[in-house]
Amino acid sequence: MAWTRKVLRVNLTDGTCTPEDLNMDWAMDYLGSRGLATKYFVEEVDATVDPLAPENKMIMATGPLTGTVASTGGRYTVITKGPLTGAIACSNSGGYFGAEMKFAGWDMIIFEGKSEKPVYLMVENETAQLRDASHLWGTSTWHTEEQIKKENQDPLIRVSSIGKAGESGVLYACIVNDLHRAAGRSGVGTVMGSKNLKAVALRGTRGLSGIHDFPAFMKVTEEKKQILAENAVTGEGLPSFGTQVLMNVINEMGALPTRNHRDVQFEKANDISAEAMAKPRESDGKAQLITNAACFGCTIGCGRISKIDKEHFTVVNKPEYWGASGGLEYEAAWALGAANGVGDLEVLQYANLICNEQGMDPISFGATIGAVMELYEIGVLDDETIGLAAPFGSAEALAELVDMTANGVGFGKEIGLGSKRLCEKYQRPELSMSVKGQEFPAYDSRAIQGMGLTYATSNRGACHLRSYTVSSEVLGIPEKTDPLTTEGKPGLVMAFQDATAAFDASGLCIFTSFAWTLADIQPQIDAACEGDWSLEKLSEVGERIWNMEKVFNLEAGLTKDDDKLPERLTTEPAKEGPAKGLVSGVPEMLPEYYELRGWDTDGKPKAETLGRLGL
Amino acid sequence: MQAKLKLFASLSDFLPSGAQANQIDIDIGDGESVAAIIERFHLPDRLVHLVLVDGVFIKPEDRAQRDLKDGEVLAIWPPVAGG
Ligand code: SF4
């Protein structure tokens, strides 16, 4: 049993921390992390709950392989109902926090209610206590982490916290752990803030015991690590260039959404790419990129550690930002850069630093700025309303607006509500590039057709990490498909969705899937966990998780209308590149997708589908 | 005839001098294939992974038959990924 079999229930209203046994029957059907925590969540929370009400709960959960020697076994997931989307929110993070939760003896922590005053949870092995956090409220995630370590005189404590964004109601606030790793999307940090929970601090010294078949587990994890090491992508490509290497690939394919999806290629893509990060700057002769970094137990190490140019206008008087810090990763660089037409690598790094420091999803923030800049260009917003000039491409505006949003100042408050609410307020709802209210990531669905369907059907709103068909459509993993056609994509998306759910439930990182398939994860789970964990069972677990999330969304009031892309992508053809003249084929793919899923024409799972999955 | 050659990530090292922002204009012969250009610039097999002409993927088995035309852009990457 790789589970610790213990759940910590924290009632913030009463100030109590109560241990419980893990429901092992559910563990057998939902595995862990995203799967098992969502099962707890849907059983305990009314789907129609106001996401920011005390009745909403928030669960931080590990998987059975979290904290083990399996490569990338450091992941944890935050499950709640998302304030940005009104749908299930499920955000996954790396770093070291997840493994520490296991070492302290817990599979998951369930937070319920709302504290009267700001508090943080301190867990030291079996001891858990809510402590006053008034002195931390109003401070950044970086300060919070440092302060908690200081006041407990223990530098080895692992901390997840919210910054000012989560406190001030930015609807896409994230939870940051280990300084620059984040459960980033859908506003999980906003929910944490609504509960007056500033941070969760963990110290675990028990290690991990109870691996079901220890010799078999050691052998199989070693073999699988070898595969990662020998694979050209996970052994060389990702550690050397990080995810940011995609900037030029996606731009060349005419799939880089630019200026709020008006264009599909960005003339300054190379200036904000992995290649640019590795190039010595003219100003100081140093490259922005310092080194790569890895999360707990990871043998890939895709993370970027960089230093901003001290002379750059954003930080010339702010030495606190001169040190090495996390980023830029591809999604953030795209959202802060191409999505707004901003081609200044240093200002992107600055905006990314602020997003990490104050706990804000850079994808939703950046993409919302894209909408603000378009509204400014067409005269709907002006200098007076925003408080500054905000044309596409303005590095100054980006730098100013990230500060205003993170601190909840002036027009920043409106930006903090996300592009959907902002565009609705200014009566141009069609300019929000989002699904279910969550902004798109970095792939244009006119040029990578599978990604359009991925976004439309993602249970947590537009997201690339629910079914990353870019693997197949761009990179040829596991096999190459044509990004411009819709044929076969419903099946492809479904297969990716189910497999990804199973990967997530295990506690491992989805980036292993560039070298591994579910068949590589399966023997690791089977050796670590009691019970029968065949490939068929794992695939079914993935499908079960997907359907469970979908049912929650339907009960929350979402409908087929929420599985729709903005009109721009289905009516305005791509202007250039290989997809020139094409729109997204989501409307024609969706019925086939519903049918393959065993759902009716309204996108509702049929009774026999739910019955087959035991839902 | 001229085409544009773009080399990225670790293939950047194989760009001839004069290249800027990972690209350079190159003269191409009539009927010169993608495979011939890859050979001309001594790009190691194991690093030639993702090959695009004007943004469209060229399968490994088609590289010898696909002639590069005037004004086209040939872009090549080693095995990479992202998310
Ligand atoms: S591949 Fe990257 S994101 Fe995944 S665990 Fe490793 S370092 Fe973290």
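Biologist: Is Asp178(A) buried or exposed?
Modeller: Buried stands for under 20% relative accessible area, exposed for over 50%, and partly exposed for what lies in between (1.4 Å probe, protein chains only). Asp178(A) has a relative accessible area of 10%, so it counts as buried. Before we go on: this is a predicted model, where local features need pLDDT of at least 70 and side-chain atom pairs count only at pLDDT 80 or more, while totals for chains, interfaces and linings use all residues. Residues are numbered from 1 along each chain as its sequence is written, chains are lettered from A and ligands numbered from 1 in the order in which they are written, and side-chain values use heavy atoms, with hydrogens and water left out.

Biologist: What is the phi of Asp178(A), and where does the residue sit?
Modeller: Its phi is positive, about 50°, although Asp178(A) is not a glycine. The residue belongs to the loop between strand E10 (175-177) and strand E11 (181-183) of chain A; helices (H or I, at least four residues) and strands (E, at least two) are DSSP runs, numbered from the N terminus. Leu179(A) is found in the loop between E10 and E11 too, and its phi is also positive, near 70°, in a residue other than glycine. Leu179(A) is partly exposed, at 36% relative accessibility.

Biologist: Backbone again: which residues are joined by a cis peptide bond?
Modeller: Omega is the angle to look at. One such bond joins Gly327(A) and Leu328(A), with omega about -5°, and Leu328(A) lies in the loop between strand E15 (325-326) and H11. Another joins Ile477(A) and Pro478(A), with omega about 0°. Pro478(A) is placed in the loop between helix H19 (470-473) and helix H20 (489-506) of chain A.

Biologist: Let's zoom out. How is chain A divided into domains?
Modeller: Domain bounds come from an automatic or database domain assignment. Here they give domain 1 (6-203), domain 2 (243-439) and domain 3 (469-613).

Biologist: How many residues of domain 1 are in contact with domain 3 of chain A?
Modeller: With contact taken as heavy atoms within 4.5 Å, 31 residues of domain 1 of chain A meet 31 residues of domain 3 of chain A. The C-alpha centres of these two domains lie 26 Å apart.

Biologist: And what area is buried there?
Modeller: The size of an interface is often given as the accessible area lost when the parts come together. Between domain 1 and domain 3 of chain A, the buried area (accessible area, 1.4 Å probe, that two parts lose on being put together, summed over both) is about 2600 Å², with 69% from carbon and sulfur atoms. On the domain 1 side, Leu31(A), Arg34(A) and Leu65(A) lose the most area to domain 3, together 28% of what that side buries.

Biologist: How many salt bridges cross that interface?
Modeller: The rule asks for a side-chain nitrogen of Lys or Arg within 4 Å of a carboxyl oxygen of Asp or Glu, and it finds 2 between domain 1 and domain 3 of chain A. Arg34(A) and Glu549(A) form a salt bridge, 2.8 Å from N to O. Helix H1 (24-30), helix H2 (33-44) and strand E5 (88-93) each supply at least two residues of the domain 1 side. H2(A) gives the most, with 7 residues.

Biologist: Which residues does Thr38(A) touch?
Modeller: Thr38(A) is in helix H2. Leaving out residues up to four places away in sequence, it touches Ser33(A), Ile79(A), Ile88(A), Met548(A) and Glu549(A). Its relative accessible area is 0%, so Thr38(A) is buried.

Biologist: Last one: how many residues of chain A are in contact with chain B?
Modeller: 27 residues of chain A are in contact with 24 residues of chain B, and the two chains bury about 1900 Å² between them, 66% of it on carbon and sulfur atoms. The rule finds 2 salt bridges across this interface; Glu236(A) and Arg46(B) meet in a salt bridge at 3.4 Å, N to O. Helix H8 (232-241), helix H9 (246-252) and helix H11 (330-336) each supply at least two residues of the chain A side, and H8(A) gives the most, with 6 residues.
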